[in-house]
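Visitor: I would like a close look at a single part of this model, with the cut-offs stated. Please begin with the whole chain and then move to that part.

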Amino acid sequence: MLLEKYKFYDIFRNINRIIINSKKIQTFIKKTFKEIEKIDFIDISIIYLKKRDRVFRFNRDCKINEKEIKNELKIILNKLEKEEYLIKKSENFLNYKYSIFFPLKYEKELIGLINFLSNNSIVLKRQNLVYLKEISNSINLGISKFIDKERIMEKEREHEKKLNLILNAFLKIIKMREPYTGDHSLRVSKISSLIGKELNLKNDSLKALKYASFLHDLGKIFVPSEILNKYGKLNEREYSLIKEHVIKSYEIVKDMNLPEPTDKIILQHHERLDGSGYPYGLKNDEILIEARILAVADVVDAMLSNRPYRASLSKEMVKDELNKYKGILYDEKVVEVALKIIEKLV
């Protein structure tokens, strides 16, 4: 009997739904095999992926020795290079009379095959072959989706690796010029990350916050050391030069293809809720949440650290300062998290 049209469309529709909903290729293939099991005249189905050198299969009764069939599948794979499908009519492949192979391709490259095995000659009926081909095409689409995802992730890992190398190079430059600033950036990154995770920031935001924390003071390499380390109050001109480091940092990183919104976090990390910050006097929700986190982390580490012009403040003094300006200068939720984190800091 032919595979009924309604049954085929049901299987076809379900496989396309599985493509959309599956997060992992193993899950996709496993659920797809469950759909193929609904085809009465298919006894075994096998998917072989060349790059992974992996065999996936469903079978109703027969046990398959993966090692034994790999070599045979590789031979068939070579034959499929220029074919739409292959049919073997014999009992020399896993002792099944009929074996049908469809190629799996990614951007015209042969990446594997799907194999349907049966002892029922109905499998060779033209309409059933058409249905099996359509099912194979859908499976091919699903596997291609996961390869796309893997390649994107691989590119992202490579990009992140390059960014980390750049980051470390900048940190070395900062530490050579101003050791305190370099160490400060590392500590601020740690504090920002702890706050961000506690506030359930998404991964993309956490990445941007990480880079912004490392590079937020990069522009200070243009500020004279005698001003950075001056003992006593800065005059108006000196303070103006200090404030310029935010713009300088932003100008350096804005074209570096860092995760969004790294450059804007850097640009806003000295803004304050009441509009008293710089460089633009932004208020409240005009300031990115990541920038509000960095602002608090920056202040916390600055107060807890020894500087040439003053000794570090106690944790209690830092807490008092944060509580005093909570909701005025600093984001209330960020401060609440920071107050807990301070106790864990060395």
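Guide: A residue is called buried under 20% relative accessible area, exposed over 50% and partly exposed in between (1.4 Å probe, protein chains only). By that criterion, 45% of the 346 residues of the protein chain are buried. The model is predicted: local features need pLDDT of at least 70, side-chain atom pairs count only at pLDDT 80 or more, and totals for chains, interfaces and linings use all residues. Numbering starts from 1 along each chain as its sequence is written, and side-chain values use heavy atoms, without hydrogens and water.

The protein chain holds twelve helices and five strands (DSSP runs numbered from the N terminus: H or I of at least four residues, E of at least two). Its radius of gyration, taken over C-alpha atoms, is 31 Å, well over the 20 Å of the globule rule (2.2 Å times the number of residues to the power 0.38), so the chain is more spread out than a compact globule. Along the principal axes, the C-alpha atoms fill a box of roughly 95 × 35 × 35 Å.

Now the part itself. Helix 10 (residues 289-304) and helix 12 (residues 332-342) have axes that come within 10 Å and cross at roughly 35° (lines fitted to C-alpha atoms over the stretch in contact; angles from 0 to 180 degrees between N-to-C directions). Helix 10 contributes Ile289, Arg292, Ile293, Val296 and Val300 to the contact, and helix 12 contributes Val334, Val335, Ala338 and Ile342, contact meaning heavy atoms within 4.5 Å. By class, the contact of helix 10 with helix 12 has eight nonpolar, no polar and one charged residues (nonpolar: Ala, Val, Leu, Ile, Met, Phe, Trp, Tyr, Cys, Pro; charged: Asp, Glu, Lys, Arg; polar: the others, Gly among them).
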